[in-house]
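Today I opened a new model and went looking for aromatic contacts. Here are my notes, in the order I made them.

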Amino acid sequence: QVQVVESGGGLVQAGGSLRLSCAASGTIFMFNAMGWYRQAPGKQRDQRELVANITSGGNTNYSDHVKGRFTISRGNAKNTVYMQMNSLKPEDTGVYYCNGLSRYGAYYWGQGTQVTVSS
């Protein structure tokens, strides 16, 4: 059974930094892509928005509001991904979910980690 686990969330003041980590286990295959999504306060889980993703080949994609501030990277271990978040803003607040896209087209989600940015 594939499990995805996030860590690294917390409370930080505006302008501060956090580093999120994500690791998936239970599969021998490398995910084709991994990404981070944010569920903003007051939004439903199905309204999560893409923050950043990265393919197995290293290609990255960022939402416009985090470009230049967040950096996604893959770890040396299979199916691990990190996101360095700098210059955090109150509007970055939310629950951050990690997901992985398998070679068969299935998405696997973690339980989320809370990020709160105070003004």
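I began with the rule: I paired rings of Phe, Tyr and Trp (its six-membered ring) if their centres lie within 6.5 Å, calling planes under 30 degrees apart stacked, over 60 edge-to-face and the rest tilted. By that rule I count 3 aromatic pairs. I keep in mind that this is a predicted model.

**Entry: Phe-31 and Tyr-108.** I looked up this pair and found the ring centres 6.0 Å apart with the planes at 20°, so I call the pair stacked. Phe-31 lies in the loop between strand 3 (18-25) and strand 4 (33-39), while Tyr-108 belongs to strand 10 (residues 107-109), so the pair ties together parts 77 residues apart in sequence. I then checked accessibility: Phe-31 has 2% relative accessibility and counts as buried, whereas Tyr-108, at 29%, counts as partly exposed.

**Entry: Tyr-37 and Trp-109.** How are these two rings arranged, stacked or edge-to-face? I find them edge-to-face, 5.0 Å centre to centre, with 65° between the planes. My accessibility check gives Tyr-37 a relative accessible area of 18%, which is buried because the cut-off is under 20%. Trp-109 comes out partly exposed, at 31%.

**Entry: charges over rings.** I also looked for charged ends above ring faces. The charged end of Arg-19 sits over the ring of Tyr-82, 4.2 Å from the ring centre. I noted Arg-103 over the face of Phe-29 too, at 4.4 Å from the ring centre.

Terms used: Residues numbered from 1 in each chain as written. Predicted model: local features only at pLDDT ≥ 70, side-chain atom pairs only at ≥ 80, totals over all residues. Heavy atoms only, no water. Helix = DSSP H or I, 4+ residues; strand = E, 2+ residues; numbered from the N terminus. Buried < 20%, exposed > 50% of the residue type's maximum accessible area, 1.4 Å probe, protein only. Lys NZ or Arg CZ within 6 Å of the ring centre and 35° of its normal.
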